[in-house]
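The following note sets out points for a first reading of the model. Please keep the sequence and the structure in view while working through them.

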Amino acid sequence: MVASNTVEERNQVLMDDGSVKNLKPENICALPRRNAFGVFKIPSTAILEQIIKSDKLVVVSFCQTYAGTFFNDLASEIAEVAILVQVDVDSNRETAEACDISAAPTYHFYRNGVKIDEMVQVETDAIKGKI
């Protein structure tokens, strides 16, 4: 699937309040950036804790480094109704442990800081059905 995001969209960052803001690359630092498919990569537990406070549905994919195309493909279909974030459990074990992840991929669904659902090792259609 070909990504349609512009360079400006790829420079969008997710702010602490869950809003999306365009920043110049030199101002981004450690904030999560959208990949070409519209998925935010989460670098720390603290940032994830802030993002899930959004009043918009937040879908978190806890996956391994080599995975991700599945969630990227899904992102193009549901990005309008949910904030999609990804946590690499191989490079970000602290966040995975804080969220009690025991298998990958695991998907958590949050709204207003409350986990409303969890799915483990499921197909795309199952996730779409939750949104």
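1. Strand β4 is largely enclosed by the rest of the structure, because seven of its seven residues are buried. Buried means under 20% relative accessible area, exposed means over 50%, and partly exposed lies in between (1.4 Å probe, protein chains only). Strands (E, at least two residues) and helices (H or I, at least four) are DSSP runs, numbered from the N terminus.

2. The model is a predicted one, in which local features need pLDDT of at least 70 and side-chain atom pairs count only at pLDDT 80 or more, whereas totals for chains, interfaces and linings use all residues. Residues are numbered from 1 along each chain as its sequence is written, and side-chain values use heavy atoms, with hydrogens and water left out.

3. Which way do the residues of β4 point? Leu-57, Val-59, Ser-61 and Cys-63 point one way, while Val-58, Val-60 and Phe-62 point the other way; all are buried.

4. Strand β4 belongs to an open sheet of five strands, ordered β3-β5-β4-β6-β7, with mixed pairing. At the edges are β3 (40-41) and β7 (114-120), each of which pairs on one side only. Two strands are said to pair if DSSP finds at least two bridges between them. In general, strands of a sheet pair through backbone hydrogen bonds, either parallel or antiparallel.

5. The two partners of β4 may be taken in turn. With β5 (residues 82-88), β4 pairs in the parallel sense over seven bridges, and Val-58 stands opposite Ile-83 there. With β6 (residues 106-111), β4 (residues 57-63) runs antiparallel, joined by five bridges. Here Val-59 stands opposite Phe-109, and Val-60 stands opposite His-108.

6. Is Phe-37 buried or partly exposed? Phe-37 has a relative accessible area of 26%, so it counts as partly exposed. This residue lies in the loop between β2 (20-22) and β3. Its C-alpha atom is separated by 9.0 Å from that of Leu-74, 37 residues apart along the chain.

7. The pLDDT, the predictor's confidence in each residue from 0 to 100, averages 76 over the protein chain, and 71% of the residues score at least 70. Over residues 23-30 the pLDDT is below 50, and this stretch has 10 contacts in the model beyond near neighbours in sequence; a contact means heavy atoms within 4.5 Å.
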